[in-house]
Amino acid sequence: MYARMRAEHGPVIPVELEPGVNGWLVTDYTTLISWSRDTTTFGHDARLWKDFREGRIDADAAVLPMMAPRANALFVDGAEHQRYRRAITDSLGAVGSDRLTEVTERYANGLIDEFCERGQADVLNEYARMLPLLVINELFGFDRDQGVRFVEAMRNLWLGVDAEKSNAEAERALSEVVTAKHREPGDDVTTRLIQHRAALSDEEVIMQLLLVVAAANEPTANLINAGVREVLADPNVAEGRAPSPTALADIVDRVLWQDPPITNYPVLYPRVDVPLGGGRTIEAGSPILLGFAASNRFFLEENAEQLAESRNRAHVAWGAGPHRCPAREEATTMTIVALRTLLERLPGLRVAVPPQDLRWHLSALSWIPVTLPVQFSPQSPLTPTPVEGTPWTASDSHPETSAHRAPTSGKSPLSSLSNFLVRLMRGS
């Protein structure tokens, strides 16, 4: 589809993000990097968005919560951006690689224990989507209710479902977290953001959490899911030979080139009109989606011979320029640990359906299967061990804000998470 659009329009394509919301899509690797680094001509500040500023975007537009102005590091530029980004990188960096690995391994094994005796599972909804939630919730000091509500709301935002309500619920859950951490600080990322020398207001802390935790949950789940599919396509794995840690790192890099967890996001806004040639111009204030998936793919095709000769990590899956993802190392670590633990625990792991039978969620920002059914040789759970770390407690929020939404169809993959978390935290 991208190839057909490029053939008609060139590498920078006029698109309709949804009815009434127009913009552009960059599908050229060099252009994407160049524009992301050109902070004079382009900005991430959504206050530059002309149609939004002039009232031409409906308040209930599904893309609005992912594009409207926010006081966080993704949506501002210059000194303001540096202040927010420093608070984020300092607070995340204090976690440390060893602790991140330990927490990820612990929860990965706990999740696998829940389905390992069955010989089959939905590895996306029972593992890939659950693992980042559990890890991030502990490291950021959320209680289980706040974590469940937040991740459900953010997943709906990524998929463009009930955007206005989902955005309000996500912010409400984070507000409760910040209030709780003022009352009882802890050894967690949220407390460190509150106490950082950048002196963030509570609203600014909430906005940084909205950015970081959202990016750590759904996109990391997408990356783990894509990694599982890539690993299981390797015939050596099917024969029972699990990849080495180095090989797993190479596999994750390959996924980031070929199947990045974010397809078309974030957004740039030109400060001035940008001529494209052929009489076309991107007007100042027009949103430009960064097409990570297409840019990577066409670059691979155009440079296949050179890239085949050497390992290359120059993909744009993490973005480019000053707004490049600050948590890329953490996401990569979680993904490699998730893949290694799954392959070590479940001999004979294989996808249970042909690739063409998978059903997909597709939005302007990402694509991911609805489920990823797998089969394997049934295994016994690991011997339960005491779970260290800060235990989750019941939420102090008012019942009206904590009520679980009834699913609109079928069983939500998170519908039984609260009970599961209690069992997991008790080591039972």
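Student: Does Asp58 count as buried or exposed?
Tutor: In this predicted model, local features need pLDDT of at least 70, side-chain atom pairs count only at pLDDT 80 or more, and totals for chains, interfaces and linings use all residues. Residues are numbered from 1 along each chain as its sequence is written, and side-chain values use heavy atoms, without hydrogens and water. Asp58 lies in the loop between helix H3 (50-53) and helix H4 (64-67), where helices (H or I, at least four residues) and strands (E, at least two) are DSSP runs numbered from the N terminus. Because its relative accessibility is 54% (buried means under 20%, exposed over 50%, partly exposed in between, with a 1.4 Å probe and protein chains only), Asp58 counts as exposed.

Student: Which residues form the nonpolar surface patch of about 330 Å²?
Tutor: One member, Leu362, lies in strand S10 (residues 360-362), and Leu362 counts as exposed because its relative accessibility is 72%. The nonpolar patch of about 330 Å² is made by Trp360, Leu362 and Trp367.

Student: What is the phi of Ala199?
Tutor: Ala199 is placed in the loop between helix H11 (189-195) and helix H12 (202-232), and Ala199 is exposed because its relative accessible area is 56%. Most residues other than glycine have a negative phi. Ala199 is a residue other than glycine, yet its phi is positive, near 55°.

Student: What is the omega of the peptide bond that joins Tyr265 and Pro266?
Tutor: Pro266 is placed in strand S5 (residues 264-270). Most peptide bonds are trans. The bond joining Tyr265 and Pro266 is cis, however, with an omega of about 5°.

Student: Over how many bridges do S5 and strand S8 pair?
Tutor: Two strands pair if DSSP finds at least two bridges between them, and strand S3 (residues 42-43) meets this with S5 in the antiparallel sense over 2 bridges, with Phe42 opposite Pro270. Towards S8 (residues 288-291) the sense is also antiparallel, and there the bridge partner of Asn264 is Gly291. The pairing of S5 and S8 runs over 3 bridges.

Notes. Patches are made of residues with over 30% relative accessible area and no salt bridge: like charges are joined within 9 Å, nonpolar side chains (Val, Leu, Ile, Met, Phe, Trp, Tyr) within 5 Å. Accessible areas come from the Shrake-Rupley method with a 1.4 Å probe; for residues, only the protein chains shown count as cover. A salt bridge is a side-chain nitrogen of Lys or Arg within 4 Å of a carboxyl oxygen of Asp or Glu.
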